[in-house]
Amino acid sequence: MKAKAELLSLPPELLTYILSFLPWRDILHCTSLCKALRQTYMSESSSELQYAIELGSQGLLPVSNNHIPVAKRLQLLRENASAWFKFDLHSFETISIPEKFYRFTATYIANGHACFWNPSIDSVRIFPILPKPSQETIERDFSPGSLCAVSNISDIDVFMDPAQNLLAIAYAISGDNYPYDEESYIELLTLDGDGVHPQAAGRTLFMSDLWLPGKRENFVRWCSKLEGFEKYIAFLRFAPLFDGTGSSVYSKWCLHIWDWQHSTSSNSMLSGSTILDLDSDRSIDFCFLGNDRLLIISDNLELYSIEDMSRSPQLLARFLLPASVFGLKCCTPTSDIACSSHPKIQAQQVTWVSDPKYRVLSLVSHSSGLDFVISTTIFFDGFSDSEGMSPIIPWIDWGPSNVRIFLHDFPCRLGVSGNRALNAFPVAGATNSVDSEYRLHMMDFSPSAVRRHQQGLGRLVNEPSTVYNRESGEYLTTFLPYVEVVSDRTFSFGEFVEIWLDQDKIYLFKDNIDTDETDQLEVIEM
């Protein structure tokens, strides 16, 4: 009888090939239990295995980039894991913001580009931020009134995605019986030209009837949100519900979701009513959790499946929040989990993106003065109760171990990207938040950062922390672990108004103290 070959008798390159079919955790398990397999894994010829494990442990997904050798990709990935330990806030470049975007401007940072929209003058500008010589870029400047080709319209919101070369414009057309005969649409254009986007099913997305409030110039920031992620575009809007006296206490909200590459109409909708809150940008918010899930953020967190676009999103689970936490807003962009479809940008894209299942969200309640940093892992578990219904999950069962709550005293948008969050906290011993100096804290919530923590490289925070909810008077304790590095540079209260964070840069939008205008963008490379 012919002898059968044993696994360990196979050539190393064949062993590497076989192991490459396993999930990264299984590869790690096999190589930790078998000395021969570990020697194979540690050899120079097994860069593919090492790369797969490094990606998985950092909560990242590979992007096809065959022009970069795998050994180089592995080197870049390991440098990415440690670069933020040495971030130097004293080394930066400053960019002047165009004067027409000093005030009343929605700002975005995506794929190395700054995107500005000033709804008060209906003007848009997009430009690359300190591009490298070989970097493909997009630069456009829409003068006031030139944004949309349709006449006699009111622009409601704008979404810009350099990775897909996409400009989406939500606008409304009103008749004589405004606001009851108002019709709303979304225009899909290319950022680097004036034509219809080549991947779009059509130039215009259509939505069902729902009027918007009068005096839109007063409501434009809080009454809508236009957001996109790869093949999806979603538009959230509100309309006041008036009683017999003409007063409005409640508002109706409606969320439309399109697969814009395949259809110009939407059968995927959610709606409801909420208390009208003019002190908040929105009383309802939402965010994409990848290609198949959506999170509605209100008094609680509702998780929906959006896999089947022929029907309304399907509720998977409801996560209860602590009492009296209202007005939560999502401060988490999706550019770190999106793959580029723009050929020029795609060719130069980094070799990985964040895995939607292993990143963090930042939800901020300004009324409570709290910032919830939440691990998305909890939203990808299997959900159903004993009767097959969507479960209601109490805060105590999911929150403390998957969340870290911080006091949100600094008047600034937080920076979040992948597993990292950047926030400003008062220096030690400060007693007055307004007069205090602040330092930036970079926090990495990835399990690999916690496991690999070494003395001298940041501070491991794995003990519980308790914060006070000033609205309800309750104390909230959470213990999601992280590794933290604190800057030695200090900032005054309100010195910057927004923080953005990507894989290798920090962006600070700074206010001019004398004019109270946002006129500078500070860029810090890590």
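**Exercise 1.** Find which helices each supply at least two residues of the lining of the largest cavity.

*Solution.* Start with the helices: H2 (24-33), H4 (47-57) and H9 (447-451) each give at least two lining residues. Helices here are DSSP runs of H or I with at least four residues, strands are E runs of at least two, and both are numbered from the N terminus. We're working on a predicted model, where local features need pLDDT of at least 70, side-chain atom pairs count only at pLDDT 80 or more, and totals for chains, interfaces and linings use all residues. Residues are numbered from 1 along each chain as its sequence is written, and side-chain values use heavy atoms, with hydrogens and water left out.

Next, the lining itself: among its residues are Trp 24, Arg 25, Gly 56, Ser 57, Pro 447 and Arg 451. A cavity is a set of points, on a 1 Å grid over the protein atoms alone, where a 1.4 Å probe fits but cannot get out, and lining residues have an atom within 4 Å of a point.

**Exercise 2.** Give the volume of the largest cavity and sort its lining by residue class.

*Solution.* The volume comes to about 70 Å³; that's the space filled by probe spheres set on grid points, which are joined across faces, edges and corners. As for class, the lining splits into three nonpolar, six polar and two charged residues. Ala, Val, Leu, Ile, Met, Phe, Trp, Tyr, Cys and Pro count as nonpolar, Asp, Glu, Lys and Arg as charged, and the others, Gly among them, as polar.

**Exercise 3.** Describe how H2 and H4 pack.

*Solution.* Their axes lie 9 Å apart, at an angle of about 120 degrees. Axes are lines fitted to C-alpha atoms, for helices over the stretch in contact, and angles run from 0 to 180 degrees between N-to-C directions. So H2 is oblique to H4, given that under 35 degrees counts as roughly parallel, over 145 as roughly antiparallel, 65 to 115 as roughly perpendicular and the rest as oblique.

**Exercise 4.** Work out the strand order of the five-strand open sheet and find its edges.

*Solution.* The order is S25-S26-S27-S31-S28, with antiparallel pairing; two strands pair if DSSP finds at least two bridges between them. S25 (415-417) and S28 (459-461) are the edges, each with a single partner strand, so one side of each has no neighbour in the sheet. Inside the sheet, seven bridges join S26 (residues 420-426) to S27 (residues 437-444), and Phe 425 has Arg 439 in S27 as its bridge partner.

Methods
On a 1 Å grid over the protein atoms alone, a cavity is a set of points where a 1.4 Å probe fits but cannot get out, and a pocket is an open set with protein on both sides within 12 Å along at least five of seven lines; lining residues have an atom within 4 Å of a point.
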